[in-house]
Amino acid sequence: MKVFSLQVFCIILYAGILHCHAQARYTFVVEETPYTRLCSNNTILTVNGQFPGPTLYVNKGDTIIVDVINNANYNITIHW
């Protein structure tokens with residue numbers, strides 16, 4: 001009986017691991033940031049103050065939710 005109970009527990013645990021998908025949530029704040037290079041001043045769009053934007057760390061099968069807040073003066077698109 002103990003062996004059977006252990007087998008059932010292992011099957012349930014293994015099934016739970018197979019169907020466990022994580023959810024990754026990120027918030028991107030897009031804004032214009034002053035940029036100086038070779039004595040030239042411009043404004044560029046940055047994501048969370050970074051250019052290029054931040055890296056997303058996920059695994060195959062994960063659900064990704066990205067909230068984008070556009071604080072720029074014009075419309076943007078984000079391509080994956």
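Predicted model: local features only at pLDDT ≥ 70, side-chain atom pairs only at ≥ 80, totals over all residues.
How many salt bridges does the structure hold? I looked, and there is one.

**Entry: the layout**

I started with the elements. I found one helix and three strands in the protein chain. Reading from the N terminus, I get the order α-β-β-β.

**Entry: the salt bridge**

Which side chains meet in the salt bridge? They belong to Asp67 and Arg25, and I noted 3.1 Å from N to O. Then I checked where the two sit. Asp67 is in strand 3, which covers residues 63-70, while Arg25 is in strand 1, residues 23-37. The two are 42 residues apart, so I am writing this down as a link between distant parts of the chain.

**Entry: buried or exposed?**

I looked up both partners. Arg25 has 56% relative accessibility and counts as exposed, because the cut-off for exposed is over 50%. Asp67 comes out at 28% relative accessible area. That value makes Asp67 partly exposed, since buried would need under 20%.

**Entry: the whole chain**

I stepped back to the totals. The protein chain has 80 residues, and buried ones make up 8% of them. I also looked up the surface: the chain exposes about 7000 Å², with 60% of that supplied by carbon and sulfur atoms.

**Entry: contacts along the sequence**

Key:
Residues numbered from 1 in each chain as written. Heavy atoms only, no water. Salt bridge = Lys/Arg side-chain N within 4 Å of Asp/Glu carboxyl O. Helix = DSSP H or I, 4+ residues; strand = E, 2+ residues; numbered from the N terminus. Buried < 20%, exposed > 50% of the residue type's maximum accessible area, 1.4 Å probe, protein only. Areas by Shrake-Rupley, 256 points an atom, 1.4 Å probe, with all protein chains shown as cover.
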